[in-house]
Amino acid sequence: MANHKLFIPLALMALLLFLLGLGWGMNIILEKSASTLLESTEEISSSVSKKEWNAAITAFQQIEEKWSHTRQYWPLLIHHQEIDRIEECIGKIKSYLDHRDSSNALAEIYVLNSYIQHIPENKRLNLQNIF
């Protein structure tokens, strides 16, 4: 009889620990992938500021590769609208780099940075996100 009374609280505790671990793991994945993408955007921004277009295009190609890998699992973790915004920014940046438009490229890189930074912050498990 005592085993039946302990089963439900133990099962609920195990479920809670599982969900917390899942949330923590999701946060780590988002943080790592976002920081990798942000490093690349900083490279692009620096190259564009110096008008080093070949270096900017090379750095942009790296972010495209990183994004193609990242976008395989981010849809499982975040809303598709956020992914669409990032892809739209990447498309605009590519066009601005092709046309050597530094002011618009830098502006769009800034927008992309804010989108990428927002995602882990928004998905982080804290009291503000719960209530």
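# Helices, core and salt bridges in a predicted model

User: In which helix is confidence lowest, and in which is it highest?
Analyst: This is a predicted model, in which local features need pLDDT of at least 70, side-chain atom pairs count only at pLDDT 80 or more, and totals for chains, interfaces and linings use all residues. Residues are numbered from 1 along each chain as its sequence is written, and side-chain values use heavy atoms, with hydrogens and water left out. pLDDT is the predictor's confidence in each residue, from 0 to 100. In the protein, confidence is lowest in helix α5 (residues 127–130), at a mean of 59, and highest in α3, at 94.

User: What pLDDT does the protein average?
Analyst: Where pLDDT is low, the predicted coordinates should not be read in detail. Here 91% of the residues score at least 70. The average for the protein is 87.

User: How many residues does the largest nonpolar core have?
Analyst: A nonpolar core is a set of buried Ala, Val, Leu, Ile, Met, Phe, Trp, Tyr and Cys residues joined through side-chain atoms within 4.5 Å. Buried means under 20% relative accessible area, exposed over 50%, and partly exposed in between (1.4 Å probe, protein chains only). Ile44, Val48, Trp74, Ile86, Leu97 and Leu112 have the most contacts inside the largest core, which has 25 residues.

User: Which helices each supply at least two residues of this core?
Analyst: Helices here are DSSP runs (H or I, at least four residues; strands are E, at least two), numbered from the N terminus. In soluble globular proteins, nonpolar side chains tend to be buried together. The helices that each supply at least two core residues are α1 (2–49), α2 (53–70), α3 and α4 (102–123).

User: Which residues does Ile86 touch, not counting those up to four places away in sequence?
Analyst: Contact means heavy atoms within 4.5 Å. Ile86 is one of the buried residues of α3. With residues up to four places away left out, Ile86 touches Trp67, Trp74, Leu112, Tyr115, Ile116 and Ile119.

User: Around the axis of α3, what arc holds its buried residues?
Analyst: The buried residues of α3 are Glu82, Ile83, Ile86, Cys89, Ile90, Ile93 and Leu97. The arc is that of the directions from the helix axis to the C-beta atoms. Seen down the axis, these residues line one face of α3, because they fall within an arc of 120°.

User: Which exposed residues does α3 carry on the face turned away from its buried side?
Analyst: An α-helix has 3.6 residues a turn, so residues three or four places apart point the same way. Turned away from the buried side of α3 is a face with the exposed residues His80, Gln81 and Asp98.

User: How far apart are the end C-alpha atoms of α2?
Analyst: The expected span of a helix is 1.5 Å times one less than its number of residues. For the 18 residues of α2, that should be 26 Å. The computed distance agrees, at 25 Å.

User: On the face of α2 turned away from its buried side, which exposed residues are carried?
Analyst: Trp53, Ala56, Ala59, Phe60, Ile63, Trp67 and Thr70 are buried in α2. They cover an arc of only 120° around the axis, so they sit on the same side of α2. The face turned away from that side carries Asn54 and Glu65.

User: Which residue meets Arg71 in a salt bridge?
Analyst: A salt bridge is a side-chain nitrogen of Lys or Arg within 4 Å of a carboxyl oxygen of Asp or Glu. The N to O distance for Arg71 is 2.3 Å. The pair ties together parts 16 residues apart in sequence, because Arg71 lies in the loop between α2 and α3 and its partner in helix α3. That partner is Glu87.

User: How far apart are the closest N and O atoms of Lys92 and Glu88?
Analyst: Both residues lie in helix α3, four residues apart, about one turn of the helix. Lys92 is partly exposed at 33%, and Glu88 is partly exposed at 47%. Their closest N and O atoms are 3.3 Å apart.

User: Near what value is the phi of Arg100?
Analyst: Most residues other than glycine have a negative phi, and most peptide bonds are trans. Arg100 is found in the loop between α3 and α4. Its phi is positive, near 55°.
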